[in-house]
Amino acid sequence: MKRLLAVFVFAALALCGCGKTTHDDGESRPRAAFLGSAEQILSSVIGRAIELDADSEYSIAEIDCYTRAVDETNCVEILGLTPEEFTQYIVEAVESKPEDSWQPHSVVLVEAVEGVDTQELAERILGGTSPSRFGCLRVEAITVGCSGSYIVLAATSDTGCDAVYAAFEELSELPSARFDRENDWSDSPLI
Amino acid sequence: MPDRAKSIIQTVVFSVMLIVLGIAALVRTPDTYSVEERRRLMQAPELSADSVMSGELFEDTEEYLKDQFPLRRGFITAAGMARLVLGQRDSHGVYVYDGMAVPIGTAGRAEAERLAAKLNAVTDMWFSDSPVYIAIAPDKACFFSAIVPAPDYEVICDTLMTQTGGTVIPLTTLDSDDYYNTDHHWRQECLIPTAELILDEMGREYAPFDMQEQEVGGFIGVYGSVPLPLKDDTIVCLTDDVTDSAIVRRAIEGERGFEAAQLYYPENINSKEPYDVYLGGACTVITVYNPLYTADDRTLYLFGDSYSLSIAPLLLHGYSQVVIIDIRYTRTSTLAEFTDIREDGDVLYLYGMQTLDSAGILNTD
């Protein structure tokens with residue numbers, strides 16, 4: 001019986017090691033969902049999302065965007081986090097948004113600090129991002145995806161959100177999860 | 001009534017509702033847009049092998065049925081009305097007081113500090129040697145602070161005063177009647193005393209206002225598209241020689257170039273954003289020239305949101321040029337690509353409290 005247990009324990013330990021890669025320094029670390037800077041990852045995700053959304057009636061391919069850092073001065077509106085929380089939870093975050101346009105559209109890539117529960121953080125961002133950050137105009141959908149220590153936040157058209165998450169999922173080396181916000185950003189007092 | 005009869009009636013009514021609503025959902029022409037929610041509604045998904053295998057068809061169908069459910073608007077309205085009838089004082093943060101929708105407000109010192117930091121960044125980048133003025137349009141709730149949660153306007157003005165190098169102009173001329181019943185915006189036809197206050201504080205010369213009211217049409221604001229007990233609204237444009245002779249140019253969306261434009265767009269009364277009657281609505285930069293102003297050739301750089309668009313034609317009476325800049329939609333660092341930045345210009349930051357509440361959206365690079 002003891003031998004059988006030892007075999008099971010050994011097998012379990014061996015299986016645990018399967019999900020990790022050994023680096024040159026000999027240290028064992030979890031695989032990363034993405035490689036590169038947040039800006040590079042965001043660029044890849046958006047590039048692929050544009051391909052996926054190309055045939056849509058309101059394709060995100062038609063929106064000229066620039067990339068800017070999310071920081072302590074704008075994290076409240078974009079991520080729904082206080083500056084203190086931003087510093088505590090986020091390594092880096094970048095946003096792609098329209099240049100010289102009032103089209104409601106934003107895609108944000110967030111790298112969370114190691115050890116942070118990214119799924120919980122993603123859901124906080126989903127509920128906290130300000131739908132009124134586009135002035136009088138409103139987005140159609142708000143979606144987050146998380147994978148490893150990365151989170152993508154898309155606030156744009158329905159098809160745009162689908163395309164951004166699909167690209168994020170496709171490009172990630174790790175399994176990802178998606179969460180959608182129920183439309184609670186109407187100005188109407190009855191909805 | 002015997003139990004058996006009750007059961008039969010319940011079953012028949014329930015079945016008829018299921019069948020009738022089900023058939024209605026299938027045969028009705030889908031709506032394309034929800035005015036209340038300001039969004040396009042889901043249309044019928046396409047049937048394909050891929051969409052079936054991926055499960056997308058079923059997810060999309062669920063969304064479609066939620067959006068296109070027969071009598072959806074009626075059910076939603078009934079739910080909202082029931083809340084009010086049952087004694088809830090607000091519906092989703094909006095109070096109804098004497099026929100006027102009054103959204104609650106919570107902005108205070110923290111929001112004012114964040115806005116001050118943003119305005120300081122703009123001033124430091126382009127206008128460090130120019131006179132700077134700041135005016136915040138109070139929320140309607142400020143006039144009902146005894147009965148609804150309201151921003152503390154005095155604290156906001158004090159904070160902006162101490163945290164910026166600018167002159168804060170409290171808009172003490174305003175009253176709740178100066179706002180629409182069904183919307184949060186202020187009414188242009190009530191803004192002459194406010195424009196006079198601002199121009200006086202900025203030391204500008206201007207001829208006494210003698211403007212005509214041109215009624216554009218009925219206006220249903222963001223709170224008025226459902227049958228709350230609200231009074232009607234009308235959009236009015238003020239006109240005179242100055243507005244008639246103004247030369248207006250709007251930046252083209254996505255470009256740094258301009259196109260000829262006008263002060264008022266009456267046709268926008270029928271658009272999704274009727275307040276876009278004033279200067280055509282959202283835009284990065286709009287320049288308005290006043291060829292009738294001869295006292296000097298000073299420019300006003302007016303940083304603002306939709307509130308600034310309706311008061312700009314009035315402020316034009318004290319300047320030879322007003323440049324309206326919306327840094328929610330363009331980066332502050334690119335301003336020089338849109339307009340000459342003159343050191344002898346005046347700067348006015350004029351925002352509604354919705355923008356004050358989300359100052360992080362101002363792009364100060």
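**View 1. Surroundings of Val322(B) in the predicted model.** Not counting residues up to four places away in sequence, Val322(B) touches Val288(B), Leu300(B), Leu302(B), Ala312(B), Leu315(B) and Leu316(B); two residues are in contact if their C-beta atoms, placed from the backbone, lie within 7 Å. This is a predicted model, in which local features need pLDDT of at least 70 and side-chain atom pairs count only at pLDDT 80 or more, while totals for chains, interfaces and linings use all residues. Residues are numbered from 1 along each chain as its sequence is written, and chains are lettered from A and ligands numbered from 1 in the order in which they are written.

**View 2. The largest nonpolar core and a second, separate core.** The largest nonpolar core holds 91 residues, of which Leu302(B), Ala312(B), Leu315(B) and Val322(B) touch the most other members. Helix H9 of chain B (residues 306–315) gives the most to this core, namely six residues. A separate core of 48 residues includes Ile41(A), Leu42(A), Ile90(A) and Ala122(A). A nonpolar core is a set of buried Ala, Val, Leu, Ile, Met, Phe, Trp, Tyr and Cys residues joined through C-beta atoms within 7 Å. A residue is buried if 20 or more other C-beta atoms lie within 10 Å of its own, exposed if 12 or fewer, and partly exposed in between, with C-beta atoms placed from the backbone.

**View 3. Crossing of H7(B) and H9(B).** The axes of helix H7 (residues 192–201) of chain B and H9(B) come within 9 Å and cross at roughly 70 degrees. The two helices, H7(B) and H9(B), are therefore roughly perpendicular to each other (65 to 115 degrees). From H7(B), the contact involves Ile192(B), Thr194(B), Ala195(B), Ile198(B) and Leu199(B), and from H9(B) Ile311(B), Leu314(B) and Leu315(B). By class, the residues of this contact are seven nonpolar, one polar and no charged; Ala, Val, Leu, Ile, Met, Phe, Trp, Tyr, Cys and Pro count as nonpolar, Asp, Glu, Lys and Arg as charged, and the others, Gly among them, as polar.

**View 4. Glu196(B) in helix H7 of chain B.** Glu196(B) is partly exposed, because 18 other C-beta atoms lie within 10 Å. The C-alpha atoms of Glu196(B) and Thr173(B) are separated by 9.5 Å, although these residues are 23 residues apart along the chain.

**View 5. Chain A.** Six helices and eight strands form the secondary structure of chain A; helices (H or I, at least four residues) and strands (E, at least two) are DSSP runs, numbered from the N terminus. Of the 191 residues in chain A, 43% are buried.

Key
Axes fitted to C-alpha atoms, helices over the stretch in contact; angles between N-to-C directions. Parallel < 35°, antiparallel > 145°, perpendicular 65-115°, else oblique.
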